[in-house]
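Welcome to this guided tour.

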Amino acid sequence: MAFELAPLPFAADALESGHMSANTFSFHHDKHHAAYVTNLNKLIEGTELASKSLEEIVVASSKDSAKAGIFNNAGQVWNHNFFWNSLKAGGGGTPTGALADKITADFGSFDKFKEEFKAAATTQFGSGWAWLVLDNGTLKVTKTANADTPLAHGQIPLLTLDVWEHAYYLDFQNRRPDYIANFLDSLANWDFAAANLAAA
Ligand code: MN3
């Protein structure tokens with residue numbers, strides 16, 4: 001059963017007030033994300049992975065260097081599905097409830113979390129991702145290169161930011177730090193992160 005490109009969980013122009021344009025989504029979702037799905041389907045067709053779930057393919061291919069091409073595409077399909085849900089119109093600001101308490105307990109303060117997240121997202125050299133994850137019961141900020149994903153490392157992702165240049169170039173050009181600050185101020189979907197923590 002071939003994978004299909006998951007639709008965006010909002011209209012393509014829904015985040016324009018948050019400085020992520022419909023033009024960005026027309027490339028990032030409709031071209032980049034779509035290409036990962038197409039490539040993944042080609043690579044797994046007729047193999048034992050064709051009947052597996054996306055999560056199973058990510059984990060299995062991460063452990064086999066001969067399957068690096070499959071991992072790169074499966075990881076990017078999964079990471080982008082997760083990223084769209086990490087965004088929302090009118091997002092950003094501070095979380096509430098159990099997630100807020102856990103961030104304060106594990107980072108010291110929400111401001112400390114923000115500092116760590118900004119540092120991870122800024123210093124990921126080249127393409128990759130910044131994450132808030134649950135790692136053995138503790139919240140941590142991590143960064144991964146290219147298609148790598150916390151799923152492959154036994155961590156539970158709560159929220160992510162794509163820091164590949166294709167994610168921000170149309171709206172922010174080379175200004176990655178502005179794109180990161182804007183995500184935390186205006187787009188981060190704390191409801192999604194809270195739901196992921198509750199389900200963990
Ligand atoms: Mn991307």
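Predicted model: local features only at pLDDT ≥ 70, side-chain atom pairs only at ≥ 80, totals over all residues.

In which loop is the place of N136? Select N136 and look: it sits in the loop between β1 and β2 (138-145).

Residues are numbered from 1 along each chain as its sequence is written, and side-chain values use heavy atoms, with hydrogens and water left out.

**Stop 1**

At 79% relative accessibility, N136 counts as exposed. In this tour, buried means under 20% relative accessible area, exposed means over 50%, and partly exposed lies in between (1.4 Å probe, protein chains only).

Now select N146, in the loop between β2 and β3. N146 is not a glycine either, yet it has a positive phi of about 55 degrees. With 42% relative accessibility, N146 counts as partly exposed.

**Stop 2: the whole protein**

The protein has eight helices and three strands.

Turn the model around: the C-alpha trace spans about 50 × 40 × 30 Å along its principal axes. A compact globule of 200 residues would have a radius of gyration near 16 Å, and the protein agrees with its 16 Å. That radius is taken over C-alpha atoms, and the globule rule is 2.2 Å times the number of residues to the power 0.38.

Buried residues make up 46% of the 200 residues.

**Stop 3: strands β1 and β3**

Select residues 128-135, which form strand β1, together with β3. The two run antiparallel and are joined by six bridges; strands count as paired if DSSP finds at least two bridges between them.

How many of the seven residues of β3 are buried? Six of them are, so this strand is largely enclosed by the rest of the structure.

**Stop 4: the manganese ion**

Which residues are its protein donors? They are H28 (NE2), H80 (NE2), D162 (OD) and H166 (NE2), lying 1.9 to 2.2 Å from the ion. H28 lies in helix α1 (residues 22-44) and D162 in strand β3 (residues 156-162), so this pair ties together parts that are 134 residues apart in sequence. Donors are N, O and S atoms within 2.8 Å of the metal (3.2 Å for Na, K and Ca); water is not among the atoms, so sites may look incomplete.

Along the chain, the donors follow the spacing H-x51-H-x81-D-x3-H. Both H28 and D162 are buried.

**Stop 5: charged pairs**

A search of the whole structure finds seven salt bridges, each a side-chain nitrogen of Lys or Arg within 4 Å of a carboxyl oxygen of Asp or Glu.

Start with D191 and K88, whose side chains meet in a salt bridge (2.8 Å, N to O). D191 lies in helix α8 (residues 190-199) and K88 in the loop between α3 (68-85) and α4 (97-107), so the pair ties together parts that are 103 residues apart in sequence. K88 counts as partly exposed, at 27% relative accessibility.

Move on to E116 and K112, where the closest N and O atoms of the salt bridge are 3.2 Å apart. They are four residues apart in helix α5 (residues 110-123), separated by about one helical turn.

Last, select D178 and R175, which form a salt bridge (2.9 Å, N to O). Salt bridges that share partners also join E48, D64 and K67 into one network.
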